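This report describes a structural model by its strands, side-chain contacts, aromatic rings and confidence values. Please view the sequence and the coordinates together while reading.

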Amino acid sequence: MNRDDESGFRPRPGRIGSKGSAGRQHLSFLSAVRRQVRARSLTQVGKGAGMSPAPRRPGRPAPMLQGVGRGRGASFVRARGVAGWKHRQPGFRRVTVKARVVRQAGRGGGAAAHLRYIQRDGTSRDGERGVLYGAETDRADGKAFLERGADDRHQFRMIVSPEDADRMSDLTAFTRDLMTQMQADLGTPLDWVAVNHCNTAHPHVHVVVNGRDDLGENLVINGQYIGQGIRERASELVTLELGPVTEIEQRHKLEAEIGQDRFTRLDRALLDQAKEGRVDMRPGVEAGLSDRVDRSLRLSRLAKLERMGLAQQTAPGIWELDGRLEDTLRALGEQGDITKQMHRALKARGPEQGRYPACFRLHGEVPDAPVTGRLIDRHLSDELGEKLSLVVDGIDGRVHHIAGFDPAQVEDIPSGAIVSIGAASARARPSDRTIAAMAREGIYRPSEHLDRLQLDRWQVKGNPKELVQGHVRRLEALRRVGIVERLDADHWCIPEDFQQRSAAYDAARSPKASIRLLSTLDLEAQIGADGATWLDRRLVGGRGDKDRVDAGFGREVSKALHDRQEHHIARGDAIRDSDGATRYRRNLLATLEAREVERVGQAMAERKGLSWHRMGRFESISGKLSGPVHLASGSYALMENSHEMALVPWKPEIGRYRNRDMTLSIGEDGGLGWEIGRSRGLGL
């Protein structure tokens, strides 16, 4: 023993990664009060469901359970792991549970978008809008629920789908019983809301749970409880209500899966039996299965897979399975679900709208060619996420399904509108073209640009200084990503490929597919409208028959084009020559648009008691933004201040600034520019 040991020094190593008392988080008084208020409110929610908060000292982590991991529900998982999961045993009712943990769901509007779309029209039994409910109320306040979870680190989203949900008496009562049981397993009240969906062949429930426990801490649920425990509790409840599955009932269910074009329990049994991709079905060979899938059912399924090219009999009783059998069948199942969704969307518009599946086109996030048609449906691409899929009845006679849209892209587009969807174009902005044109020897000078505008002041109806400042703000954004270089306040280095690089930068930040609203009016309303409609643009632009097929929606468009043409002839806006050709009045589209905007704008200004401001090029207006206002000629932003109002062409990018003060300006080429806040130098 050395002297150091004799001195009495005894090192006491702590837990790896621990910072001791220095690493503990000290809450401010306000934070502590907020935590206690939240814990009290969640306790009240739990009491309404017959729960009491689990006694646990604040800040003390749940004990580690060997082989199970951490998180609430781990003790239940460990107990059932020893005794065996009941939902895997014969006789228990099947329940499919899909779950997802969404980080920072309250930021960016994702949680609100998800809640909005699970309540969309057509999801209830009577085809009406889905109803949000909770533990104690049949009509929950979605806004209050989102506010309670706005600062949560994560959010839980679940889909619970009992196989025999159509036989259950009350799906809402089942959901409340399930959530009550989950609260008991997890030892904490849960802040949750749910919506029943009956718009598919299998009714199911969407459940959203905020990510805090009764103490205001992050709600951490054991992963195996999410994957198996929820399904276990749901299966117990359904089995308790409907009784165990009989052998005859089980066989009928498996027989129904033989001819399905999706991944089934029979396929899982075959894969479990297979050795090195081969299944031995010779009589007397023990399959070693635990799910009572007998030999006749497996042989029938193998015959189906052989017709699909996913299995091959290499010798009597010996079958070889395709290596991508599961992936292929799951993809086919997803396609089948999408096809059913498209059929339902068409049927909702009337029995005459039915189409053959050969007319359906399923795209990824970007269609192969631009799609123009009527928007007939939108739904969540992943029912646990926020991305949307659109169903468009195209003028090419086909029905298209395109996925991967942000909710903000289609928020202002009503169902039934005429839209055009294609790959997002990488076009240079008008401001980028101006900067490239003003740059001399690769240098752009804002002062020189301002001098040029002031020399042509008689052509510039807006504020030249504001226009130049807008170009400088664009350069600042591009400087942060390394496209341009700022030498000083009046000298910017512009590369030769500036327009291409700036356009590529915009394309990378935007979704892969773009959607353009062509008209909010249906075909019947466009025929007699006094504005410049989508039909007019096809007639006058000479595109009436270029991309249209006389089938489906294309046939409806053909008739509407003919009726709109007759309308113009009757009003004197067009004449028909002796040879049958139709000639339209000069500048018909601009005339119709100006006529409608003037009429609607003056009427709105009169109702509001404001003066009407007719916007032209190089003009700006400051005020509060609202809208869009949908007219036959297009969509317009409503700008108003204390004494005047104006209608300005709408752009989806400004939708986030609704009800805020801003300045809108129209450029030389008719493009729209904007600035947040009121401009003080416009003299409006």
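R100 stands opposite R157 in β3, where strands are DSSP runs (E, at least two residues) and helices are DSSP runs (H or I, at least four residues), both numbered from the N terminus. This is a predicted model, in which local features need pLDDT of at least 70 and side-chain atom pairs count only at pLDDT 80 or more, while totals for chains, interfaces and linings use all residues. Residues are numbered from 1 along each chain as its sequence is written, and side-chain values use heavy atoms, with hydrogens and water left out.

Strand β1 (residues 95-103) runs antiparallel to β3 and is joined to it by 9 bridges, two strands being counted as paired if DSSP finds at least two bridges between them. β3 also pairs with strand β5 (residues 204-210), again in the antiparallel sense, over 6 bridges, and in that pairing M158 has V207 of β5 as its bridge partner. Strands of a sheet pair through backbone hydrogen bonds, either parallel or antiparallel.

Which residues point each way from β3? H154, F156, M158, V160 and P162 point one way, Q155, R157, I159 and S161 point the other way, and all are buried.

E163 is found in the loop between β3 (154-162) and α6 (171-186), and because its relative accessible area is 22%, E163 is classed as partly exposed. Leaving aside neighbours within four places in sequence, E163 is in contact (heavy atoms within 4.5 Å) with R94, H202, K253 and R265. The C-alpha atoms of E163 and R94 are separated by 5.6 Å, although these residues are 69 residues apart along the chain. The side chain of E163 also makes a polar contact with the side chain of K253 at 3.2 Å; a polar contact is a pair of N or O atoms within 3.5 Å, where within protein one must be able to donate a hydrogen and the other to accept it, and where residues adjacent in sequence count only if both atoms are side-chain atoms.

R176 is found in helix α6, and its side chain reaches the backbone oxygen of G134 at 2.9 Å. Beyond its neighbours within four places in sequence, R176 is in contact with Y133, G134, A135, E136, T137, D138 and W192.

## Aromatic pairs

A search of the whole structure finds 3 aromatic pairs, a pair being rings of Phe, Tyr and Trp (its six-membered ring) whose centres lie within 6.5 Å, with planes under 30 degrees apart counted as stacked, over 60 as edge-to-face and the rest as tilted. The rings of F76 and Y225 have their centres 5.7 Å apart and their planes at 75°, so this pair is edge-to-face. Because F76 lies in helix α3 (residues 74-83) and Y225 in helix α7 (residues 223-242), the pair ties together parts that are 149 residues apart in sequence. Both F76 and Y225 are buried, and together with W85 they form one aromatic cluster.

Strands β21 (residues 620-631) and β22 (residues 634-640) pair in the antiparallel sense over 6 bridges, and H630 has S635 in β22 as its bridge partner.

N659, in the loop between β23 (644-649) and β24 (661-666), has a positive phi near 60° and counts as exposed at 57% relative accessibility. N587, in the loop between β19 (582-584) and α20 (588-608), has a positive phi near 55°. Most residues other than glycine have a negative phi, and most peptide bonds are trans.

## Whole chain and confidence

The protein chain has 20 helices and 25 strands, and buried residues make up 44% of its 684 residues. The mean pLDDT (the predictor's confidence in each residue, from 0 to 100) is 82, and 83% of the residues reach 70 or more. Over residues 17-26 the pLDDT is below 50, and this stretch has 1 contact in the model beyond near neighbours in sequence. Residues 679-684 also stay under 50, with 15 contacts beyond four places in sequence. Where pLDDT is low, the predicted coordinates should not be read in detail.

Conventions. Buried < 20%, exposed > 50% of the residue type's maximum accessible area, 1.4 Å probe, protein only.
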